[in-house]
Amino acid sequence: MNKQVFIIIGAVIVLILSGIWVYLLFFGTPDTADNVFANLGIDGEEDTTIVEAPVVAEEPVVNMTRQKLRQLTTKPVAGFKQVQRTASSTPELYYAEMGTGHIYTINLESGEEVRLSGTTIAQANEAVFSGDGSTVAIASFSNTKNRPLVAGSLNTTTGAFVEKFTKSVYDFSLTNAHEVLYTTTGPQGLIGYSNNLDTAKVQNIFTVPFTDATIQWGSTPGSSHYVYPKTSYSLEGFLYEVKNNTFNRLPVQGFNFAALANEAIILYNASVDQKIVSYIYDRETKVATPLDAPLLPEKCLLPAEGLEFVCAYEPTVITYEYPENWYRGLTNFKDTLWLLDGESMTAESLINTSESGREIDAIKLSVNTIGSVLYFINKNDNTLWMYEL
Amino acid sequence: MKYFFFALIVLLVPVSFSAAQVDTGIGSDGPSLEVEPAYPSPLTTVSISLNDYALTERVLAITWRVDGTAISEAANQRTISVLTKDAGVKTTVEAVLEFTGGVTQVVRKVLTPLYLDIIIEPQTKTPPFYIGRALPSIGSTLNLTALISGNSTPSKDLLYTWRVNRDVVDGGSLRGGNKVTAATPLGQLMLISVDVTALDGTILMRKTIEVPSVTPSLYFYEYTPLYGMSHKAIENINLVGASATVRAEPYNLDIKTYNNPDFLEWEVDGTKTATPANNPYEITLGRPGETYGTSRINLHVRNLSQLLQGSEGDFQVTF
């Protein structure tokens, strides 16, 4: 066959294929899917019922449940107080920022934080508020044991801080009646004073015949204050009650001695066989009962009355050196909060603070007036925390 | 003559009968009660023993009474235990001794428990935030205070005799001397004792305690202008910014040595560095350019007259 015939045959085939392609392009679409997919009858009869799409409840992205244990500040805190300006007002939490002495308030319902006072108290490291929040005393860092203290009134509307009292003090407290209780050192020991910020009246309230003392202040100048020589594992300590200028020895003592007292009980530590043992001394029955686990009174909160108290501690054996290593900042605790009953001698674990994901070494425990919320500072970073009781 | 003999009988017979019952208090000849400890504290248990070795007659029975109440379970015991009361509250303990022929003798002891607290305040260095008590180190000054509770006599009307080991402080008794100063002697332990005596010579209370003396130790804390000194001791500090200030705290170093050290030297990686002018215990560390690494910072402080008064310590800085 010659070349001409091949070309003619090829061209005819191409034409025929092109025609088929054009036909399929414009006329070849099936009317229904059934024309493409054959029903082989595998699945039986067709089910033509309409299937309702399932309703999927939307999960909120953010968990709005408030944890009982919450961090309140990221700033380090020198001191704080839950304040209720009037009987019907929303409770607020006042705190003084460490380092600057600026005062903030946190609305405990909305969580809003507002700065009340921008007055700077340089190197502020400890602050105490009165119950109504109208008075504050702030102490600053010092190279000596006596440190500068500034106290005054706080206008919670304008934020103005009016300084009324300034002195170098050894220790201090503030009453709800706007009285600064403080001690100064002298040759005869520690002298306790009360300074009423409203009337400027100063009175001597006690004299302690030694200087290196830890003081548990009472709520008024005339109430009981408890004093003991600072804690040491090798020097014995004793507890004294000072009231109305009388100095009364209480029947508890020991090495590594630290104590918290009220009218009913004394919680105190003493070393036994090179271990710390905590005791509850009943002031009525005059019996001291040892506790199963050692506590540090510095990490406890004892109310003015009653036998129930809260402590933060890590369930571990505290050896006789441990309190001093903690005081020096060489070691810290990972606390569990406990509610203890001095009458039944039972303890209830409230919460292991590691559930927060942070290491918490709780100090400066405090409760609100109705005992529903516990506040404390984390010694590791001085941030403020709360726990709903 | 018969009147003479009659008078003699009248005079002698009552005397012989009057010896049938004798109350013997403290200090009399004859039997006595010994208390252990001799000067009991309040609310403690003391042991009271009958000392009748001087008696020639045999004791047939012993009845013990505490505040007038007979203690039946202690009948015929030579030693009993008694719990003392609160400070200053007396307890009367009596032992009624029975001899042949129904003759009895009462021996009495009055317990007056007192608290005698010796408060030791060593004048050694601790940081301002430290809530523990300073400890004594060799050569450091001790402020000693004696507090007696349960006795109404003012302190100024009592005599105090202080001893450190065997040395009497200030050479003898001091009227009103409830506060004295002494130096910490050589040795790891020292005995401190005080006797408190009334003006009539009666010893009211006596106490001896054993006190250890420690070697000073050095710890380091970061100092910032905003917060002052941190409360956390550092062994390793990361230099995040351009510089950091670290302050050394020599715990329990004698204050006199701390304020005026004979020898104080900082070293960086073994090389002596200049002592800071403002505060010799404070060093400011700066990052050397864009370099990275670690350095060891060392401080040595010492009293060259009393070599045991000193300390050396170090920490690492990572930059």
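# Notebook: a predicted model with chains A and B

**Entry 1. Chain A as a whole.** I counted two helices and 28 strands in chain A; helices (H or I, at least four residues) and strands (E, at least two) are DSSP runs, numbered from the N terminus. I note that this is a predicted model, in which local features need pLDDT of at least 70, side-chain atom pairs count only at pLDDT 80 or more, and totals for chains, interfaces and linings use all residues. Residues are numbered from 1 along each chain as its sequence is written, chains are lettered from A and ligands numbered from 1 in the order in which they are written, and side-chain values use heavy atoms, with hydrogens and water left out.

I looked up burial next, and 46% of the 389 residues of chain A count as buried. Buried means under 20% relative accessible area, exposed over 50%, and partly exposed in between (1.4 Å probe, protein chains only). Chain A exposes about 19900 Å², and carbon and sulfur atoms supply 54% of that area. Accessible areas come from the Shrake-Rupley method with a 1.4 Å probe; for residues, only the protein chains shown count as cover. Of the contacts in chain A with a separation of 6 or more, 39% are between residues 24 or more positions apart; contact means heavy atoms within 4.5 Å.

**Entry 2. Strand β11 of chain A.** I then followed β11(A), residues 179-186. Six of its eight residues are buried, so the strand is largely enclosed by the rest of the structure. I recorded its pairings on the rule that two strands pair if DSSP finds at least two bridges between them.

- On one side, β10(A), residues 171-174, pairs with β11(A) in the antiparallel sense over four bridges. I found A:Asp171 bridged to A:Thr183.
- These two strands form a hairpin with four residues between them, and A:His178 in the turn has a positive phi of about 65°.
- β12(A), residues 189-196, runs antiparallel to β11(A) and is joined to it by eight bridges. Here A:Val180 has A:Asn195 as its bridge partner.
- The hairpin from β11(A) to β12(A) passes through two residues.

I also noted A:Asn245, which has a positive phi of about 65° although it is not a glycine. A:Asn245 sits in the loop between β16 (237-243) and β17 (246-254) of chain A.

**Entry 3. Chain B as a whole.** For chain B I recorded two helices and 25 strands. The radius of gyration of chain B is 33 Å, well over the 20 Å that the globule rule gives for 319 residues, so chain B is more spread out than a compact globule. That radius is taken over C-alpha atoms, and the rule is 2.2 Å times the number of residues to the power 0.38. Along the principal axes, the C-alpha atoms of chain B fill a box of roughly 125 × 40 × 30 Å.

Of the 319 residues of chain B, 43% are buried. Its accessible surface comes to about 16500 Å², with 54% belonging to carbon and sulfur atoms. Residues 24 or more positions apart account for 63% of the contacts in chain B with a separation of 6 or more.

Entry 4. In β9(B), residues 115-122, I found eight of eight residues buried. In a regular strand the side chains alternate between the two faces of the sheet. Both faces of β9(B) are covered, with B:Tyr115, B:Asp117, B:Ile119 and B:Glu121 on one side and B:Leu116, B:Ile118, B:Ile120 and B:Pro122 on the other. Eight bridges join β9(B) to the antiparallel β10(B), residues 141-149, and B:Tyr115 stands opposite B:Ser149.

I looked up B:Ser137 in the loop between β9 and β10 of chain B. B:Ser137 is buried, with a relative accessible area of 0%. B:Ser137 and B:Glu94 are 43 residues apart in sequence and 48 Å apart in space, C-alpha to C-alpha.

**Entry 5. Backbone details in chain B.** I found a cis peptide bond from B:Glu36 to B:Pro37, with omega near 0°. B:Pro37 lies in the loop between β2 (32-36) and β3 (45-51) of chain B. B:Asp170 has a positive phi of about 60° although it is not a glycine, and belongs to the loop between β12 (167-168) and β13 (174-175) of chain B. At 58% relative accessibility, B:Asp170 counts as exposed.
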